[in-house]
Amino acid sequence: MNRRVTRVAEEAGMDRSKLYPHALRATAATYHAYHGLPATALQSFMGWGKISAANKYVRLSGKQTAKALHTTYGER
């Protein structure tokens with residue numbers, strides 16, 4: 001996997017030290033959390049053993065906060 005990511009980074013003209021498989025995994029988790037994937041589904045999708053890993057991405061996405069505010073106050 002590292003070789004493939006390195007090759008793609010080189011072909012794209014990117015600094016390959018800034019692109020690595022774990023960064024892509026974190027980007028995927030952030031993307032799905034932001035788009036509303038619940039923590040339990042995110043945990044299963046990413047293969048994490050602990051729900052705390054998924055909760056971190058859901059919390060950082062701010063999606064739950066926005067949803068709670070919208071539910072409480074509606075659109076103004």
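A residue counts as buried when its relative accessible area is under 20%, as exposed over 50%, and as partly exposed in between, using a 1.4 Å probe and protein chains only. With 17% relative accessibility, Gln-43 is therefore buried. The model is predicted, so to speak from the start: local features need pLDDT of at least 70, side-chain atom pairs count only at pLDDT 80 or more, and totals for chains, interfaces and linings use all residues. Residues are numbered from 1 along each chain as its sequence is written, and side-chain values use heavy atoms, with hydrogens and water left out.

**Helix α3**

- Gln-43 sits in helix α3; helices here are DSSP runs of H or I with at least four residues, strands are E runs of at least two, and both are numbered from the N terminus.
- Beyond its neighbours within four places in sequence, Gln-43 is in contact (heavy atoms within 4.5 Å) with Trp-48, Gly-49, Lys-50, Ile-51 and Ala-54.
- Met-46 also belongs to helix α3, which covers residues 39–46.
- Met-46 is buried, at a relative accessible area of 9%.
- Not counting residues up to four places away in sequence, Met-46 touches Arg-25 and Ala-29.
- From Met-46 to Lys-56 there are 10 residues in sequence and 13 Å in space, C-alpha to C-alpha.

**The nonpolar core**

- A nonpolar core is a set of buried Ala, Val, Leu, Ile, Met, Phe, Trp, Tyr and Cys residues joined through side-chain atoms within 4.5 Å.
- The largest one has nine residues: Ala-29, Ala-33, Ala-39, Leu-42, Met-46, Trp-48, Ala-54, Tyr-57 and Val-58.
- Two or more residues of this core come from each of α2 (21–34), α3 and α4 (51–61).
- Tyr-57 touches Ala-26, Ala-29, Thr-30, Ala-33, Leu-42 and Trp-48, leaving out residues up to four places away in sequence.

**Where α2 meets α4**

- The axes of α2 and α4 come within 8 Å and cross at roughly 60°; axes are lines fitted to C-alpha atoms, for helices over the stretch in contact, with angles from 0 to 180 degrees between N-to-C directions.
- That angle makes α2 oblique to α4, because angles under 35 degrees count as roughly parallel, over 145 as roughly antiparallel, 65 to 115 as roughly perpendicular and the rest as oblique.
- On the α2 side the contact is made by Ala-26, Ala-29, Thr-30, Ala-33 and Tyr-34, and on the α4 side by Tyr-57, Val-58 and Ser-61.
- Ser-61 of helix α4 is buried, with a relative accessible area of 13%, and touches Ala-33 and Tyr-34, not counting residues up to four places away in sequence.
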